[in-house]
Amino acid sequence: MDTNQPNSPASADLIIKHVWIVTMDEERRIFRDGAIAVKGDRITGVGPSPDILQNFRADTVIDGTDKFVITPGLVNGHVHVTGEPITRGLVPDNTDWQENVFGWLIPTYLSQTPQDEQLSAKLAALEMLRTGTTCFVEAGTILDLDATVQALNETGIRGRLGQWLQDRAFDPNDDQSELTKTAVAKMVAQQDRYPATEDTLLAAAPCLVGHNTATDELWREATHLAQDAHVGVTAHMSADPADPNYYLETSGARAIEHLANLDALGPHLSLTHAVHLDAHEVDLLAQTGTSVTHCPMTAMKGGYGATATGLFPEMSEKGVNILLGTDGANNGNSSDLMRAMFCSAGIFKDSRRNPNLFPATQILEMAT
Ligand SMILES: [Zn+2]
């Protein structure tokens, strides 16, 4: 066949035909009898089945009638790929936030080995890939980033990850400046080892534990590094009133206001949970383009108050970019982002008695 002839079909490795395709392109087109063509690791054609079958030829053609709905790869905005995937279900349901984190999760994390972390990371990645997630933002590797990256590289998943970072000297015997210096050095070194380039599937990014565990200096350093390296910063914040209360007591401003005062807010930052905010904090997020990652399964298991107290409908109204995450396997109980989508599409409709909140298209936007 002369492939230089006009209108001759392009060569592809694989065509999947007669499927529903939710493109999430700018026009949000949906093809009810759609097809995609794939060559190598690239999707080279998407459209109605007759068009794709006319414009592409492939040795392998799969008829997806009544089998598939194809969407873009989902993006899990917050997942613990180490620490929890192999201990799922260990933490009792009836633990409040303090007991959950400090009584169970942290000791569990610290009892594991780098080999456990590799197993954990692979398990989390495989569960994500199996359920449609092709990209994730890690909450932070607990012990061994290099071992974790090595394991994840075998799975083909895309992600941004980094060592879990905190530096606040809670013990009076700790040397605050030494703790900060160590955390910053780790953060800089991991960015040098795993820079974000166009072809890189896995790259480093500052993953702060967040809450009240990072000093102002670490926040500033993480912000500058992320902006220079064109990566994001992620941190847990305001899952519980403890965070706004801490910042009010120590700085006179609520958590998000305090971050705004440090110039730490911006499109590079995603704050996970963000349940206990006030209206001014929502405004600050909207004004600065800061993202929030909502983890509905964790909120429901932990009783965070996402529907009772959370201002997620208000964030949506004001244009805050809301991502979805599955969080840790002991709280989210799953790395399947479809579950987070399902929960998010329903819980605010019910709590606000408003069926127009978070329609399906918006939920897909939050997940892609
Ligand atoms: Zn988390």
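**View 1. The buried residues of helix α7.** Asp-243, Pro-244, Tyr-246 and Tyr-247 are buried in α7, the helix spanning residues 242-251. They all sit on the same side of α7, because they cover an arc of only 160° around the axis. That arc is taken from the directions from the helix axis to the C-beta atoms. Buried here means under 20% relative accessible area (1.4 Å probe, protein chains only). Helices (H or I, at least four residues) and strands (E, at least two) are DSSP runs, numbered from the N terminus.

This is a predicted model: local features need pLDDT of at least 70, side-chain atom pairs count only at pLDDT 80 or more, and totals for chains, interfaces and linings use all residues. Residues are numbered from 1 along each chain as its sequence is written, and side-chain values use heavy atoms, with hydrogens and water left out.

**View 2. What α7 packs against, and what comes just after.** The buried residues of α7 pack against α6 (216-229), β12 (233-237) and α8 (255-261), with contact meaning heavy atoms within 4.5 Å. Just past the end of α7, Gly-252 has a positive phi of about 80°.

**View 3. Strand β1 and its parallel partners.** β1 (residues 10-22) runs parallel to β4 (residues 56-63), with seven bridges joining them. Look for Lys-17, whose bridge partner in β4 is Asp-63. β5 (residues 69-70) also runs parallel to β1, through two bridges; here Trp-20 has Val-69 as its bridge partner. Two strands pair if DSSP finds at least two bridges between them.

**View 4. The antiparallel partner of β1.** Six bridges link β1 with β2 (residues 30-39), and these two strands run antiparallel. Val-19 finds its bridge partner in Gly-34 of β2.

How values were computed: Buried means under 20% relative accessible area, exposed over 50%, partly exposed in between (1.4 Å probe, protein chains only).
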